[in-house]
Amino acid sequence: MWRWRPTCPTCPLDEAWRKSTCATWAAKHTARCLLPGRRAPLITPSQRTRRTRPVRNALTIAWRDLRSTFVSPIGYVVLTGFLLLAGWFFFNLLAQFNRIVALYSGMQGADTTWMNLNDAIITPLLSNLSVVLVILVPMITMRSFAEERSQGTYELLFTSPLKVHEIVLGKYLAGCAVVTLMIALTLVYPAILMIYGNPEVGLMTAGFLGLYLMALGFVAVGNFCSALTSNQIVAAISALVILLLLFVISWPAENAGEPMKAILLYVSVTEHFRNMARGVIDTTDLVYFGSAIGAFLFLTHRAVESARWKA
């Protein structure tokens, strides 16, 4: 049966487009090309499917890992522990701030303008939560690859049509979803301060953004350690050691020479997080967190690729 197919007068037609049987898509493509000053990309429906397939595969793996996290008690224990500690820190800092305000208010002529909610509550709260994340994030990520190895499902992933980068990205997105939920639930404390006080929203936003970026970097470190071993305890301890080293690596910077001091301060995660917790968003800090995430994702990819060749 003969079927009319419109032709595109403004752009060359590739072979895949010529063989396409989707006349509706071809008509839309031609209509877009006829617009003045507009040229549509030469993407066939099959090419568009191939482009979106890696993202869909990664999201499928992420959803599977996320479900397994909350089917087991580990997800609930970690989430509950983090929220309990966050609440304990917040209400203790708030009570201490109220005591200081009451003490200064009883003193005649005392200057209380230097006291604000950001310096007294938000910045110490974020610092305490960053230490808690150092301990809890390895517990979240230790199952990502190590459990697949111990249960023998690693080979199934390798023999499936999934690419290595899809597997790595899916595992990373699952960990990111958990830490996103953890940090999102702590936003109730800034909301309480905004209802009953007058904190600076910009400073709080920068601080929580720094905490979130740091948590994403911790997930990348945890996934890398989990990809190296089949033992979940070893994976958790290895990630904890690396994260603690990133925390304390700047301690000898004061006594080091100028080049070494600059290196130690740049590698230290606390130096970059401290700037954002104070409300300063610098491109150096954003580049640091982005580079750390990219570097550990690359190392995870190489570790999984090596295991795939050995399997």
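Predicted model: local features only at pLDDT ≥ 70, side-chain atom pairs only at ≥ 80, totals over all residues.
Me: How much of the protein is buried, and out of how many residues?

Reply: Buried residues make up 41% of the 311 residues in the protein. Buried means under 20% relative accessible area, exposed means over 50%, and partly exposed is in between, with a 1.4 Å probe and protein chains only.

Me: OK, how many helices and strands?

Reply: There are 14 helices and zero strands. Both are DSSP runs numbered from the N terminus: helices are H or I with at least four residues, strands are E with at least two.

Me: What's in the largest nonpolar core?

Reply: That core has 54 residues, and those with the most contacts inside it are Leu-133, Met-182, Leu-211, Met-214 and Phe-218. Elements that each supply at least two residues include α4 (73-105), α5 (117-141), α10 (201-227) and α14 (283-310). A nonpolar core here is a set of buried Ala, Val, Leu, Ile, Met, Phe, Trp, Tyr and Cys residues joined through side-chain atoms within 4.5 Å.

Me: Which helix gives the largest share of this core?

Reply: α10 does, with 13 residues. In soluble globular proteins, nonpolar side chains tend to be buried together.

Me: Is Val-55 buried, partly exposed or exposed?

Reply: Val-55 is in helix α3, and it counts as partly exposed because its relative accessible area is 48%.

Me: Switching to charges: how many salt bridges?

Reply: Six in the structure. The test is a side-chain nitrogen of Lys or Arg within 4 Å of a carboxyl oxygen of Asp or Glu.

Me: Which residues are linked in a network?

Reply: Arg-64, Asp-65, Glu-148 and Lys-171 are linked in a network of salt bridges. Asp-65 pairs with Arg-64, with the closest N and O atoms 3.3 Å apart. Asp-65 is buried at 8% relative accessibility, whereas Arg-64 is partly exposed at 38%. Glu-148 and Lys-171 meet at 2.7 Å, N to O. Glu-148 lies in helix α6 (residues 146-151) and Lys-171 in helix α8, so this pair ties together parts that are 23 residues apart in sequence.

Me: Are Glu-148 and Lys-171 buried or exposed?

Reply: Glu-148 counts as buried at 7% relative accessibility, and Lys-171 counts as buried at 2%.

Me: What's the story with Arg-274 and Glu-271?

Reply: Their side chains meet in a salt bridge at 3.1 Å, N to O. Arg-274 and Glu-271 are three residues apart in helix α13, so they are separated by about one helical turn. Arg-274 is partly exposed at 34%, and Glu-271 is partly exposed at 22%.

Me: Where is Val-269, then?

Reply: Val-269 is in helix α13 too, and is buried with a relative accessible area of 4%. The C-alpha atoms of Val-269 and Phe-247 are separated by 5.8 Å, with the two residues 22 apart along the chain.

Me: Now the loops: where is Thr-229, and which backbone nitrogen lies 3.1 Å from its side chain?

Reply: Thr-229 is in the loop between α10 and α11, and the backbone nitrogen of Asn-231 lies 3.1 Å from a polar atom of the Thr-229 side chain. Thr-229 is buried, with a relative accessible area of 15%.

Me: Last one: how many disulfides?

Reply: A search of the whole structure finds zero, taking a disulfide as a pair of cysteine sulfur atoms within 2.5 Å. Cys-176 is buried at 8% relative accessible area, and Cys-225 is buried at 4%.

Note on methods: Residues numbered from 1 in each chain as written. Heavy atoms only, no water. Polar contact = N/O pair within 3.5 Å; in protein donor to acceptor, adjacent residues only side chain to side chain.
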